[in-house]
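Good morning, and thank you for coming. Please look at the sequence and the model on the screen while I speak.

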Amino acid sequence: MIDKSIIQRWRARVGQRDVLAQIAVAVALFLAVYWLIDNVVSNLERQNVASGFGFFNERAGFGINQTLINYSEDSSYGRVLMVGLLNTLLVSVIGIALASLLGFFIGIGRLSQNWLINRLALVYIEIFRNVPLLLQIMFWYFGVLRNLPSPRNSFTAGDVVFFNNRGLILPAIEAGPGAIWYGLALLAGIAAVFWFKRRAKQARFVAGEILPVWRPVALVLVVALMMAFLLAGVPFSLEIPVLRGFNFRGGISVIPEFVALVLALSLYTASFIAEIVRAGIQSVDKGQREAAAALGLSNTQALNLVLVPQALRVIIPPLTSQYLNLTKNSSLAVAIAYPDIVSVFAGTTLTQVGQAVEIILVTMLIYLSLSLLTSFIMNWYNARVALAGGSHG
Amino acid sequence: MKMLSYKFRVFVVVICACVFSQGAVAAETLSIVKKRGHMQCGVSQGLPGFSNPDDKGNWVGMDVDICRAVAAAVFGDDTKVKFTPLSAKERFTALQSGEVDMLARNTTWSMHRDTALGVDFTGVNYYDGQGFMVRKELGITNSLELDGASLCTNLGTTTELNAADYFRTNNMEYEIVAFEKADEAVAAYNTGRCDAYTTDQSALYAQRLKLTEPGAHIVLPQIISKEPLGPVVRQGDNQWGDIVRWSHFAMVNAEELGVTSKNVDTMKTNKNPAIRRLLGVDGTFGTNMGISNDWAYNIIRTVGNYAETFERNVGKSTPLGIARGVNALWTQGGLQYAPPVR
Amino acid sequence: MAEWTPKPARPAPASTVGFVGWARRNLFATPGDVALTLFGSVFIIWLGGVLIDWAFINASFSGDDRTACLKPVQGACWPFIDAKLGQFIYGRYPEAETWRVNLVFFFGLAGLVPMLVPSAPFKSANIFFLLGFYPVFAFVMLTGGMFGLVPVETTDWGGLLVTLVVAVTGIAASLPLGILLALGRRSKLPIIRYFCLGFIEIFRGVPLITVLFMASVMLPLFLPDGVNFDKLMRCLIGVALFSSAYMAEVVRGGLQAIPKGQYEAAAALGLGYWKTTRLIILPQALKLVIPGIVNTFIGLFKDTTLVLIVGLFDLLGIVQFHFTDASWATPETHITGYVFAGAVFWVFCFAMSRYSIFMENRLSTDRQ
């Protein structure tokens with residue numbers, strides 16, 4: 001009896017302590033935040049610095065050399081933010097695609113029975129992941145691309161594509177009004193992929209039949225494209241860049257900052273992805289491959305239906321975090337003047353407007369939402385994969 | 001659990017102590033500087049002629065001289081100043097937050113900066129304008145021939161805006177490549193990434209020295225903007241603003257009156273009342289500002305007059321080789337004009 | 001009585017042993033393998049040739065300025081590194097005072113090496129030296145202003161010195177902070193848990209460069225008027241907070257792997273929360289995640305280069321800065337400088353990763 005009451009009192013006291021500790025933390029946090037904010041406000045007030053987000057509607061007045069949406073000097077700072085964000089996303093998406101491709105091949109190379117290939121992949125991984133990314137970016141930009149020729153002496157492929165120290169200049173494809181039919185044809189092709197895949201899956205589950213997918217899809221696509229051709233002819237024309245004055249005019253130019261950044265980001269990230277891919281494939285039990293063979297599945301089928309889905313479950317979570325890292329690392333663009341969000345917004349806009357607090361906070365918030373969004377999608381995907389894994393039992 | 005709550009109690013106490021010990025800290029820059037024993041001056045990260053560390057790591061240049069002049073006025077000793085190299089982006093925050101007491105960082109006096117950033121410009125120690133540097137081999141002599149050119153420049157400066165305005169008003173196309181640091185912009189221009197490098201003309205001369213072959217580049221004569229460069233102080237501390245302002249004026253007045261670092265001691269006995277007032281022989285101009293009356297004497301003795309600092313840092317005999325031009329005294333057709341010490 | 005002795009076994013066929021056999025198994029097993037091997041060899045010979053040409057055959061090894069590196073076919077410009085080596089290591093640290101930096105390097109090494117060798121004795125004295133005495137010693141030696149040492153402004157620090165100061169401080173600060181955050185994130189107390197969760201997610205969600213911008217441009221505004229940190233200090237705080245968030249996630253992985261029984265056993269022994277954590281949980285959890293911790297250290301070491309963007313001159317920053325020296329401006333200066341800096345970073349990072357593998361193997365045999 002006595003024992004019990006002691007324990008109860010002890011429990012109650014511990015409970016009280018927990019509450020007290022939490023209140024203490026909450027109060028301390030509140031005070032700390034209050035103190036910081038109070039400092040900022042009084043500092044800014046005393047110095048008569050403008051505050052608020054009114055500057056978003058003001059005229060920016062400076063040029064940006066790569067814009068995916070309409071932008072001119074007359075656009076607002078809000079527009080600058082959009083341009084920067086899109087440039088960040090562009091470099092990230094392309095970097096992710098290239099890094100995945102390269103990383104996948106090198107990861108496979110790491111598992112190769114061939115000693116030489118195996119070692120080459122290892123050397124690649126050890127070199128690229130142990131050298132700072134910023135150094136790699138600068139190496140490609142200031143070290144390598146500087147040795148490219150001037151526009152007048154460009155490397156060229158058939159006088160249509162040019163490569164020089166102003167970047168990669170490609171012909172632009174101009175679409176006429178009839179191009180919409182080709183767009184519809186492509187849509188039909190995509191729809192066909194979904195439709196036939198679904199049908200094949202159902203057939204496989206219900207009747208164990210293997211239905212073809214890609215042949216009917218190709219058929220649909222060809223028919224749709226032919227119809228588009230009959231309706232609209234060829235509504236496309238090429239705009240070939242020409243050298244006029246200092247630079248090439250017309251066409252699409254890929255600025256060298258972009259080239260250097262994508263190159264460095266994907267080479268660096270590929271070394272991490274390669275290790276992830278290797279670990280993922282190694283994680284699939286050897287028995288799985290043997291079992292697939294015993295069931296009479298072909299090599300491709302074994303890969304598609306047995307090995308890859310299981311490896312992916314291990315690969316996807318760390319892969320996502322690498323993708324996220326690449327996106328965040330693209331902020332190093334500021335070192336080589338690629339107009340990403342950090343460069344045009346947290347850089348130029350910050351100095352023109354002078355409101356450091358607002359601008360840095362907005363920039364951080366954008367990266368934070370990108371990252372939270374990705375982890376949200378990740379969790380959803382993980383839950384789905386886990387469910388599918390549990391359903392077979 | 002006991003330790004936990006105890007620790008947090010300590011934490012709370014510490015935080016409270018921090019909050020309540022922050023009474024109103026007086027923003028009297030002069031007394032802070034005097035108490036600290038040296039002045040903290042924000043300069044560039046290395047711009048020859050204006051603020052640049054020499055071989056021995058000592059800062060030299062025109063902007064550095066104005067900092068030294070203020071130190072001489074306050075302490076009677078021009079070495080009681082320390083320099084903080086700042087990027088274009090950091091400079092105003094560093095000043096606002098009190099990290100530096102004044103800014104002498106080839107900073108353009110513009111209305112937006114003067115009115116919206118909580119800072120005050122105290123004068124113009126160099127009248128500049130934005131120009132272009134190009135390769136000689138291009139055969140260009142006029143900036144209006146730059147249609148379609150790629151321009152390298154520094155991110156977050158008035159330069160970016162001026163270039164945009166200039167090319168648009170003249171209906172020319174351009175591509176701007178803006179770097180975080182001047183060195184990177186110059187490096188990119190040097191490699192041929194850009195056709196032209198654009199910034200304040202004085203800086204063009206300075207940066208040209210860093211190129212592989214300075215002789216292969218020319219600075220175009222056209223000036224596309226007004227860039228009055230001057231020292232900056234925090235808004236709201238008029239006494240400190242006065243000291244910085246008059247340190248510059250003292251140097252200009254000294255040139256006008258023929259007082260140099262060489263003859264300043266003999267000039268003290270000069271009959272000219274203007275010189276006597278400047279050197280603190282007559283009047284209480286120094287004590288009115290809260291410093292000693294021989295403030296200007298100390299500036300001229302240690303740093304020299306305006307002509308001396310100009311010629312020593314950027315003038316004809318230096319690698320920059322810049323002529324006085326608009327920076328000549330008003331009596332010689334220039335713009336440097338100082339109100340009288342009276 | 002003749003004892004029966006078996007005939008010695010015949011040697012394996014020559015084609016299955018020795019180099020030939022090895023090559024057959026590992027290089028020429030299938031036609032596809034042969035093709036890959038050929039392709040790989042050609043690639044290696046080509047790349048090796050290019051590298052040797054660049055680094056040795058066409059390179060310049062001596063000279064006092066750029067004229068040494070302007071041959072028609074020019075490889076690496078090593079005299080540039082030679083001429084600037086002092087700057088690359090110490091930055092603008094006054095030449096007469098560099099012995100202080102050397103002393104700090106030396107004592108750091110002297111404290112670290114016996115720490116890393118598992119069999120070296122006096123571990124606890126060593127820990128005391130490294131965590132208690134050494135930071136104070138390094139601080140006093142590097143900044144000066146005491147004991148008759150000339151004060152040296154941190155704006156004059158540079159090169160490898162800054163890289164190591166940022167990295168070592170970051171590493172030393174991020175581990176304890178990360179452990180606290182990880183514990184906080186698993187705490188039963190919701191307010192503490194959410195605070196730690198928020199802290200971790202925020203710092204992991206943004207790029208380091210924005211944190212550094214915040215530290216260099218914004219932090220001064222957060223402090224009361226007249227209070228100021230040195231710029232290097234501000235960057236150190238930024239780097240430490242940033243990497244502690246990553247460290248917290250690594251440590252959390254270890255904490256999650258500790259079976260519940262361990263907590264229950266500790267509770268049965270009458271240990272409180274802190275004792276349980278300190279004596280039972282952390283030693284096991286940290287051991288489990290040593291590779292992750294070292295990986296975070298490697299990441300942090302590479303990330304120190306970012307301080308150059310906010311105007312500190314770390315190793316990469318100072319190399320980059322010296323490219324502006326017109327007396328060394330040649331087409332090969334940049335690549336030579338980057339290769340040098342890259343090699344230095346690589347040695348540090350590679351050594352750390354090897355050490356982590358070594359420790360991992362050692363600890364896994366411990367467990368058997």
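Predicted model: local features only at pLDDT ≥ 70, side-chain atom pairs only at ≥ 80, totals over all residues.

Residues are numbered from 1 along each chain as its sequence is written, and chains are lettered from A and ligands numbered from 1 in the order in which they are written.

Let us begin with chain B. Its domain assignment, of the kind that is automatic or taken from a database, gives domain 1 (30-127 + 229-325) and domain 2 (130-225). The C-alpha centres of these two domains of chain B lie 29 Å apart. Where they touch, 16 residues of domain 1 are in contact with 12 residues of domain 2; contact requires C-beta atoms, placed from the backbone, within 7 Å.

Next, consider strand β4 of chain B, residues 81-85. Strands here are DSSP runs of E with at least two residues, and helices are runs of H or I with at least four, numbered from the N terminus. Strand β1 (residues 39-43) of chain B pairs with β4(B) in the parallel sense over 5 bridges, where pairing needs at least two DSSP bridges. Within this pairing, Gln40(B) has Lys82(B) as its bridge partner.

Finally, the contact between chains C and B involves 22 residues from chain C and 28 residues from chain B. On the chain C side, α8(C) gives the most, with 4 residues.

Key. Contact = placed C-beta atoms within 7 Å. Buried ≥ 20, exposed ≤ 12 C-beta atoms within 10 Å, placed from the backbone.
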